[in-house]
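Dear colleague,

I am passing on the structure below, together with some notes on what came out of it. Please read the notes with the model open beside them.

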Amino acid sequence: MSKLFLSLYFGFVLLFGVFVSALFSGVPKSKRNTILLAAYSAVTLLIQAALGHIYGIQFTKQVYPIIVHIPLALFLVFVMKRKPLISIVSIFSAYMFCQFPKWIASAGFLINSENSLCNLIYIITIIITYILLNRFLAAPVNKFLQQSNKMCIMLGAVPLLYYIFDYATTVYTDMLFMGTKAAVQFMPSVVSIFYFCFILVYYNEVKKEEQIQRDKDILSIQMQQAHQEMSLLRNMQENAAVYRHDMRHHFALLQGYAAEGSVDKIQEYLFAVTNTLDSITPKRYTRNETVNLILSSFETQAQQKGIVFDVSVRLPDILPINDAEICALLFNSIENALNEAGKPDNDRDKKIKIEMTVFKNKLLIEIENACSTKPIFKDGLPQSGEDGHGFGTKSIRAIAENHGGQAIFDYIEHGKLFNLKIMIALKKEVD
């Protein structure tokens, strides 16, 4: 009976280590993966049993890392397609969690020194531990490991040191059992140090996540604003259409004034109608309605600021890109250009040049504006010194990259010009 429980003990230790390592490393739960893990465990257990029978249990414990842990890491990487660092940390973590059932079994030994009973307690405890890890801890551990290499290393540092410590003081030597002071104090010290290091790293990671979420929220707000801007521009276009439709009423009124011989009233009325039409009628740059409305809106703003608005656009009627995204691209880029070109120190050359075309199934946008002061660049993006600014350039880059393209911001020293080139890969062919 003792040999049976001992065999079961080693079998459950191996199964626990293999399946917990798979849980922590994020191996998908499927019938295929379960069979592969069970087959690996069976082969490894046979090798372990053969070595134990030939060379003894102590020798098998000493070569355990070579016959179990290293092959398991390779199995997770090459068969289960897990990342190497995550696989290694998962194995060390699983090894550390093996210690809790051992402690329970050791406590049982104080009550009853029968080895068979201790092994039975260990088997029951290890099954319960696996169920709890699978239910509550596997997903959080895997999420932490997937976050970043830094987080992965921090999370795996304590299990790694415990792994080294356990083998060094209990398997290869008897330092821990002999009560060597350095050995006894080592793990508490290590745990304390890495606890505080983990808090610092985790705090910095949380701050990064919060910043990313804030950026996402602001970009989302910008997309909503783009929707609203497009609605306003379309309303303007509809008003112009209604105004044109009602021209017969204007002509009737003008005929009445002419019959009266009221030339002054005719001139006054024509002036008012002309101004109204100019304010609500979009200028025609291109066949694409969305782009046309946006450019027309910005030309009015440029005229008010005394900025030359030089536009060259050759686009099809429809672009296979969301209207809100093209709106966000143009609003952010042209608004920045207007703000910079309209500054007082740019009086000599207040000009914005815009070119848009489709070439080899790519949407190409180039915007150039006067810029007297060279901006500061960080990660390829111009930085604004004002709080709450700078999200427009992030939005431009994000939209371009989401469509397999890029946005390049540049400053031309000799001409004191700011240049923006945007390339977006179009998924559908356009005429």
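Helix H12 has as its buried residues Thr-290, Val-291, Asn-292, Leu-293, Ile-294, Leu-295, Ser-296, Ser-297, Phe-298, Glu-299 and Ala-302, where buried means under 20% relative accessible area, exposed means over 50% and partly exposed lies in between, with a 1.4 Å probe and protein chains only. Helices (H or I, at least four residues) and strands (E, at least two) are DSSP runs numbered from the N terminus. Please bear in mind that this is a predicted model, in which local features need pLDDT of at least 70 and side-chain atom pairs count only at pLDDT 80 or more, while totals for chains, interfaces and linings use all residues. Residues are numbered from 1 along each chain as its sequence is written, and side-chain values use heavy atoms, with hydrogens and water left out.

The N-terminal end of H12 is capped by Asn-288, a side-chain oxygen of which lies 3.2 Å from the backbone nitrogen of Thr-290; a polar contact here is a pair of N or O atoms within 3.5 Å, and within protein one must be able to donate a hydrogen and the other to accept it, residues adjacent in sequence counting only if both atoms are side-chain atoms. Just after H12, Gly-306 takes a positive phi of about 70°.

Leu-295 of H12 is in contact (heavy atoms within 4.5 Å) with Tyr-285, Phe-309, Val-311, Val-313, Ile-334 and Ile-354, once its neighbours within four places in sequence are left aside. Leu-295 also belongs, with Phe-309, Ile-334, Ile-352, Ile-354 and Ile-422, to the residues that touch the most other members of the largest nonpolar core, which has 42 residues; such a core is a set of buried Ala, Val, Leu, Ile, Met, Phe, Trp, Tyr and Cys residues joined through side-chain atoms within 4.5 Å. Two or more residues are given to this core by each of H12 (289-304), E1, H13, E2, E3, H14, E6 and E7, and the largest share, ten residues, comes from H13. Apart from this core lies another, of 41 residues, among them Leu-14, Phe-24, Val-68 and Leu-72.

Turning to the sheet, five strands form an open arrangement in the order E1-E2-E3-E7-E6, with mixed pairing; two strands pair if DSSP finds at least two bridges between them. Strands E1 (308-314) and E6 (406-412) stand at the edges with a single partner strand each, so one side of each is left without a neighbour in the sheet. E1 pairs with E2 (residues 351-359) in the parallel sense over seven bridges, and Val-313 stands opposite Met-356 in E2. E3 and E7 run antiparallel and are joined by nine bridges, with Glu-368 opposite Asn-419 in E7. E6 and E7 are also antiparallel, over seven bridges, and form a hairpin with four residues between them, where Lys-416 in the turn has a positive phi of about 50°. Seven of the nine residues of E7 are buried.

H14 (residues 391-402) lies across E6 and E7, running at about 135° to E6.

With best regards

Methods. Axes fitted to C-alpha atoms, helices over the stretch in contact; angles between N-to-C directions.
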